Amino acid sequence: MIEISHLTKKFDQFVAVNDLSFSVREGEVLGFLGPNGAGKSTTMKVITGFLAPSAGKVTIDGHDISSAALQAKRLIGYLPEGAPSYGDMTTLEFLRFIAQVRGFRGVEIEQRVDHVINEVALESVRDQSIETLSKGFKRRVGLAQAIMHDPKVLILDEPTDGLDPNQKHHVRSLIKSLATDKIVIVSTHILEEVTAVCSRAVIIANGKIVADGTPAELESQSRFHQAIRVTLTDSHDLVADLKAVPGVASVEVAEDNGLAYTIFAEGGASIFSQVSEVAQQKHWPISEFYVERGQLEEVFRSVTQQSEGRANG
Amino acid sequence: MGNLGIIFKRELHSYFATPLAYVFIVIFLITNGIFTFDLGGFFLRGQADLLPFFGFHPWLYLFMVPAIAMTLWADERKTGTIELLLTLPVRLVDAVLGKFLAAWVLTGIALALTFPIWVTVNYLGDPDNGVIVAAYLGSWFMAGGFLAIGSCMSACTKNSVIAFILTVAICFLFVIMGSPILLNAFPSWAPQWLVDAFSAMGFLTHFDSIAKGVLDIRDFLFFSVFIGAWLLASAIVIEMKKAN
């Protein structure tokens, strides 16, 4: 278990992380979200022991990252932002180096290296020097070194940044497959990723937590939660039909398409059955009709901008 | 093998994986040759010793050693690998020492490859080989002193060119500290202990006696402590500056 309590990190006068507290349990995949400069990377750098906290503490399975740094670091696999690695080494040399530093000896080294090469599909670039690899391969080399010692805690700073959709998919399924008995913290600003891989999402802004919950819980905070999207083939006065329907809060027409409507629900309650009944009775010329789960992006924007407004005001 | 050894091996290997080690060794040998035979008048002196060879080493190291040292930490910071290295279960002291030792061994290899000159002087005359061995060792320790300064300067910046210039400047200061040029520049009211302390910190003070065959353990001790102090400073600077 990772416990972060009252963590503060200052750079001179600038407060990057401000009294942050949360804990992560085994089996959780925590999506760490926030606008650029919110303090995501700084928090990860403190958790992994690269930067010392200005105040507060971080413990990994009871080992304090400041006072028992080596024990804590042994439990962590870390992919730093940008997946840095030694460019003049080949993939194989680099991974062997990591395996040795991680304490593997003799035949174990080759076994572990072969295992991770398999896991992240690096077979084709085994003997290529890392500086000649494409961005996607470099990222995978970084992932390979992070999972070398089958760590209990996996901390990945923007693992899919700059990858093409196929590679993203691959990395996500890798994270999912690793996650069962581990603690995984993934920072990202791709929101679909959170819905795809994370069991919990924490949004931070200006160094503070502004939202914390499962992706579904966060989505339900959206004003689009339970809203119904309707696209018509012909113009029809939906607003008049819906006036008397209970639970309907308001109706909006899309700006770019006069036939696409969004019907908002009052207080996030389900209005599917009422609205579909009306639609049948009034014979709406429907081409599309579906319920929104809510938009994480919208929640993200609203909670981070609120926080910014407070910080500036 | 502990982590120090693993890091040492990786660093040394990476010198030879790039042309850096070869370029360094070749240029080192060529300039050594020019200095010894041309400027040093190795043959004209008609003496069976290597004084003209060793005499130029402080000046040769002044530019060659900072070139190796400049990338030690600056490149780690620039490429971000410092974050990788220092989040592995590695003690900072192992990283600092491992990197330093790899660079030091590289200068040792370059120095050892000057052996033909030793063979030559033995062929031409009958030198005191004990003196020559001591001078080789002394020269290597002095290179270590330059490197340790370089390690610290390299830790100060992401830019290896700046690290190079800073290292050259500081090394130059330590080279001339013991020389009459600087000591004569002291005003007459300066207390003697200050002049002595200055002179005692100078590389030339220590290296000249080693090169002449005066094998004083205190000179080696000086370089060892000097190296230790600058490496400690490197570790402190890395700890302080790794955030930016």
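The following legends describe close-up views of a predicted model.

**View 1. Burial of strand E7 of chain A in the predicted model.** Strand E7 of chain A comprises residues 153-157. Five of its five residues are buried, so the strand is largely enclosed by the rest of the structure. Burial here rests on 20 or more other C-beta atoms lying within 10 Å of a residue's own. Both faces of E7(A) are covered. On one side lie Val153(A), Ile155(A) and Asp157(A), and on the other Leu154(A) and Leu156(A), all of them buried.

**View 2. Pairing of E7(A) with strand E6 of chain A.** Strand E6, residues 76-79 of chain A, runs parallel to E7(A), and four bridges join the two. Ile76(A) has Val153(A) as its bridge partner in E7(A).

**View 3. Pairing of E7(A) with strand E8 of chain A, and the β-α-β unit.** Strand E8 spans residues 183-187 of chain A. E7(A) and E8(A) are parallel and are joined by five bridges. For Ile155(A), the bridge partner in E8(A) is Ile185(A). Together with helix H6 (residues 165-178) of chain A, E7(A) and E8(A) make a right-handed β-α-β unit.

**View 4. The contact between chain A and chain B.** Chain A contributes 19 residues to the contact and chain B contributes 18 residues. On the side of chain A that touches chain B, helix H2 (69-75) and helix H3 (91-101) of chain A each supply at least two residues. The residues of this side of chain A comprise 11 nonpolar, five polar and three charged.

Key
Residues are numbered from 1 along each chain as its sequence is written. Chains are lettered from A and ligands numbered from 1 in the order in which they are written. This is a predicted model: local features need pLDDT of at least 70, side-chain atom pairs count only at pLDDT 80 or more; totals for chains, interfaces and linings use all residues. A residue is buried if 20 or more other C-beta atoms lie within 10 Å of its own, exposed if 12 or fewer, and partly exposed in between; C-beta atoms are placed from the backbone. Two strands pair if DSSP finds at least two bridges between them. A crossover is right-handed if, with the strands pointing away from the viewer, the path from the first strand over the helix to the second runs clockwise. Two residues are in contact if their C-beta atoms, placed from the backbone, lie within 7 Å. Ala, Val, Leu, Ile, Met, Phe, Trp, Tyr, Cys and Pro count as nonpolar, Asp, Glu, Lys and Arg as charged, and the others, Gly among them, as polar.
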